[in-house]
Amino acid sequence: MSMLGPDGEEYWTTKEAAEAMDVAPSTISTWRRNGYLTPLEGSPPRKPIYRRADVAHAEKMAYDAAIRTSGSAKRTSRRFTLPRADSRAA
């Protein structure tokens with residue numbers, strides 16, 4: 001279950017972010033390792049917490065980097081919208 005921070009933003013664990021973006025948890029870790037995603041300052045190293053908007057931005061950055069380095073023209077389109085909070089499984 002996602003949590004709301006004191007700033008009113010929604011925050012996700014690695015598992016929640018992966019489920020919401022329909023990727024494996026290792027993908028979220030890769031985005032972090034590649035510098036596309038930064039966990040909330042002060043979150044535990046073994047249980048990082050990410051801002052919802054940052055996760056969506058990281059997905060777009062990773063996708064754009066993959067297109068740039070693939071050497072081929074963009075053949076598919078991907079919508080970069082945040083999943084609706086009420087559309088995720090509880």
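Leaving aside its neighbours within four places in sequence, which residues is Thr 13 in contact with?

Author: Thr 13 is in contact with Lys 47, Pro 48 and Tyr 50, once its neighbours within four places in sequence are set aside. Contact here means heavy atoms within 4.5 Å. A word on the model comes next. It is predicted, so to speak for a local feature a pLDDT of at least 70 is needed, and side-chain atom pairs count only at pLDDT 80 or more, while totals for chains, interfaces and linings use all residues. Residues are numbered from 1 along each chain as its sequence is written, and side-chain values use heavy atoms, with hydrogens and water left out.

Now back to the residue. Thr 13 belongs to strand β2. Thr 13 counts as buried because its relative accessibility is 14%. The cut-offs are these: buried is under 20% relative accessible area, exposed is over 50%, and partly exposed is in between, with a 1.4 Å probe and protein chains only.

Look along β2. Tyr 11 and Thr 13 point one way from this strand, and Glu 10 and Trp 12 point the other way. All of them are buried.

Next, the sheet. Three strands form an open sheet in the order β1-β2-β3, with antiparallel pairing. β1 (3–4) and β3 (49–51) are at the edges, each with a single partner strand, so one side of each has no neighbour in the sheet. Two strands count as paired if DSSP finds at least two bridges between them. In general, strands of a sheet pair through backbone hydrogen bonds, either parallel or antiparallel.

Take the bridges one pair at a time. β1 and β2 (residues 10–13) pair in the antiparallel sense over two bridges. Met 3 has Tyr 11 as its bridge partner in β2. Leu 4 has Glu 10.

Helix α1 (residues 14–21) lies across β2 and β3, at about 100° to β2. Helix α3 (residues 52–70) packs on the sheet as well, touching β2 and β3, and its direction makes about 80° with that of β3. Axes are lines fitted to C-alpha atoms, for helices over the stretch in contact, and angles run from 0 to 180 degrees between N-to-C directions.

Stay with α1. Six of its eight residues are buried. They are Thr 14, Glu 16, Ala 17, Ala 18, Ala 20 and Met 21. Their cover includes β2, α2 (25–33), β3 and α3. Just after α1, Asp 22 takes a positive phi of about 60°.

How do α1 and α2 meet? Their axes come within 8 Å and cross at roughly 105°. That makes α1 roughly perpendicular to α2. The angle classes are under 35 degrees for roughly parallel, over 145 for roughly antiparallel, 65 to 115 for roughly perpendicular, and oblique for the rest. Thr 14, Ala 17 and Ala 18 in α1 meet Pro 25, Ile 28 and Ser 29 in α2.

Now the core. The largest nonpolar core has 13 residues, and those with the most contacts inside it are Trp 12, Ile 28, Trp 31, Leu 37 and Val 55. The elements giving two or more residues to this core are α1, α2 and α3. A nonpolar core is a set of buried Ala, Val, Leu, Ile, Met, Phe, Trp, Tyr and Cys residues joined through side-chain atoms within 4.5 Å. Val 55 is in contact with Trp 12, Ala 17, Met 21, Ile 28, Trp 31, Leu 37 and Tyr 50, leaving aside its neighbours within four places in sequence.

One more residue. Glu 59 is in helix α3. Glu 59 is buried, with a relative accessible area of 7%.

Last, the whole chain. Three helices and three strands make up its secondary structure. Along the sequence, the pattern is β-β-α-α-β-α. Buried residues make up 31% of the 90 residues.

Terms used: Helices (H or I, at least four residues) and strands (E, at least two) are DSSP runs, numbered from the N terminus.
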